[in-house]
Amino acid sequence: MTQIGVIGTGSMGSMLVRAFIKSGAAAPEEVIAYNRSTKRAAALSQETGIRLGTCREVAAGAGIVFLCVRPHEVEGVLRELGDTLSPRTLLVSIAAEVPLADLQAWTGARVVRVIPTLTSEILKGASLVVFGERATSTDRDLVRTLMDAIGRAVEVEEEAFELLTLLTSCGPAFIAATMKEFAAAAVRRGGVSPACADLLVTETLAGTAGLLEEEGSSFDEVISRVATEGGITAKGVAVIRKEGPGVFDAVVAAALGEDE
Ligand SMILES: NC(=O)c1ccc[n+]([C@@H]2O[C@H](COP(=O)([O-])OP(=O)(O)OC[C@H]3O[C@@H](n4cnc5c(N)ncnc54)[C@H](OP(=O)(O)O)[C@@H]3O)[C@@H](O)[C@H]2O)c1
């Protein structure tokens, strides 16, 4: 198996390491990582059994290197690594807002962009993938295999990355915030504790996800199975259909920075 390198073991880098190991996509001895501050990397190594190395050891020793630093730190890391990252290496940048064109200008490695999602922690959710022009068909297979092991890899056009990131990477927060408001509406009516409302909505969310995913139902099929004509659910659905577009258009606009 190709050695997997990880540079930056913060929130997402650590999640990827844990998910690759949990899914069986990689054995601990096949992963080597480096983080700027040693404490985080040492804790991850102790927890998972992965090896640690210097930044150059990770870049030179792995066939595929996940670069998991913040967007403004990407150029500095790549320029510092210089020729250590050669065309023999497949570099996967998970940074939002750093286009393939910049990555390919800053490194000689073959480049892929992946936007993972926190839900890969439980091996669910979609990772967005776009391949650079130097990526080979073997690279495509390897990245798809790794990301499919921890959810679902979805290849998209780079132009659509920013918008689609709202559905996948930001999505868990948007869905959780929406569900919190749903539960809070019941609590405001009185006689229901927040803990009870949160539990009921959580169970309903998990069950609905199961119907959508395991039974392959569409959103509309789920709605029509519950919302019989003239019934109480249909009345609630009508309100969501009326008010929802305004709310979610505003969410998308705000997240895209259009209100600034
Ligand atoms: N959070 C999400 O849901 C999400 C989703 C998709 C994509 N992303 C992308 O994932 C990337 C990482 O985000 P994050 O949330 O994981 O951030 P984070 O928790 O701040 O992790 C970044 C890590 O990079 C390390 N680092 C910084 N400079 C470094 C260097 N020169 N060499 C090695 N390690 C270095 C930091 O080390 P220190 O401990 O020294 O600070 C930190 O551990 C970002 O580019 C973001 O756009 C995030």
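At what angle do helix α9 and helix α10 pack, and how many Å apart are their axes? The first legend has the answer, after a short note on the model.

This is a predicted model, in which local features need pLDDT of at least 70 and side-chain atom pairs count only at pLDDT 80 or more, while totals for chains, interfaces and linings use all residues. Residues are numbered from 1 along each chain as its sequence is written, and side-chain values use heavy atoms, with hydrogens and water left out.

**View 1. Helix α9 against helix α10.** Helix α9 (residues 194–214) and helix α10 (residues 219–226) pack at an angle of about 125°, with axes 10 Å apart. Helices here are DSSP runs of H or I with at least four residues, and strands are runs of E with at least two, numbered from the N terminus. Axes are lines fitted to C-alpha atoms, for helices over the stretch in contact, and angles run from 0 to 180 degrees between N-to-C directions. The two helices are therefore oblique to each other (under 35 degrees counts as roughly parallel, over 145 as roughly antiparallel, 65 to 115 as roughly perpendicular and the rest as oblique). Look for T208, L211 and L212 of α9 meeting F219, V222 and R225 of α10; contact means heavy atoms within 4.5 Å. By class, this contact has 4 nonpolar, 1 polar and 1 charged residues (Ala, Val, Leu, Ile, Met, Phe, Trp, Tyr, Cys and Pro count as nonpolar, Asp, Glu, Lys and Arg as charged, and the others, Gly among them, as polar).

**View 2. Helix α8 against helix α9.** The axes of helix α8 (residues 171–188) and α9 come within 9 Å and cross at roughly 130°, which makes α8 oblique to α9. On the α8 side you will find I175, M179, F182, A183 and V187, and on the α9 side P194, A197, D198, V201 and L205. This contact has 9 nonpolar, no polar and 1 charged residues. For a dimerisation domain of pyrroline-5-carboxylate reductase, an unreviewed UniProt entry lists residues 158–255; that span is 81% helix and 0% strand.

**View 3. Helix α1 beside helix α2.** Helix α1 and helix α2 (residues 38–48) pack at about 15°, with their axes 11 Å apart, and are therefore roughly parallel to each other. S11, S14, V17, R18 and I21 of α1 touch R40, L44, E47 and T48 of α2. The residues of this contact divide into 3 nonpolar, 3 polar and 3 charged.

View 4. Strand β1 (residues 4–7) pairs with strand β2 (residues 31–34) in the parallel sense over 4 bridges, and I7 has Y34 of β2 as its bridge partner.

Key:
Pairing = 2+ DSSP bridges. UniProt positions renumbered as here; feature names shortened; annotations may be inferred.
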